[in-house]
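Me: Could you walk me through the charged contacts here, one question at a time?

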Amino acid sequence: MRKILFIFTICVGYVIKICLVYSFSNICLAHWLPKSELFVGGVGPGCTLEYVASVYGQPKEKRWFNSDGVRGVTYIYSPYFSITGRTGSRDPRPESELIVVGYTLKNNSLSTQSGLTVGIPYETVAGMYGTVKKEYDSYRNKFYYSYDWDDEKRHYFQPVMCFFVDKNNIITEIYVGTDW
């Protein structure tokens, strides 16, 4: 009886160890991008809109918003590329000093530092940074894969990078942004 109990205890220990190692590797290795991947054409989260304008020039259109404690503007450069900067609604800083929190890219005119762009297979991203669960955005009626970025100064409004895909799993849009 002692021998059976001993073998059982060892087996349970191995099962727990395997589960912990598997869970840890999935959480820590497969879902993070380096911050440098959030930038396209040298512009990304943390830049000011003044810097954006120095790189891309003045946008063709600006769309302002001010609600729910947030004030900002989206610079629209084309139907395929826009950048959003924002701050708290009571923050008096001028437009040029607003901080970029995200962008939308819908063509391959720009790419990330490693060459990720619209038109490539999602498998390219997965090969570099691991596979994440495919999710559905009911507002856009599209499927996407979402990655966080690795930074020791993470905070709750940290941007995520989403790769929207078509039925063939080809990237049709790259979105970097936050939930608020």
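Me: Is Arg-140 buried, partly exposed or exposed?
Reply: Happy to start there: this is a predicted model, where local features need pLDDT of at least 70, side-chain atom pairs count only at pLDDT 80 or more, and totals for chains, interfaces and linings use all residues. Residues are numbered from 1 along each chain as its sequence is written, and side-chain values use heavy atoms, with hydrogens and water left out. Buried means under 20% relative accessible area, exposed over 50%, and partly exposed in between (1.4 Å probe, protein chains only). Arg-140 has a relative accessible area of 28%, so the label is partly exposed.

Me: Which residue forms a salt bridge with Arg-140?
Reply: A salt bridge puts a side-chain nitrogen of Lys or Arg within 4 Å of a carboxyl oxygen of Asp or Glu. For Arg-140, the closest N and O atoms of the pair are 3.3 Å apart, and the partner is Glu-173.

Me: Which residues do salt bridges that share partners join into one network with Glu-173?
Reply: Glu-173 is buried, with a relative accessible area of 2%. The network formed through shared partners consists of Glu-173 together with Arg-140 and Lys-142.

Me: How far apart are the closest N and O atoms of Glu-95 and Lys-62?
Reply: Glu-95 counts as buried at 19% relative accessibility, while Lys-62 counts as partly exposed at 35%. Their salt bridge has its closest N and O atoms at 2.7 Å.
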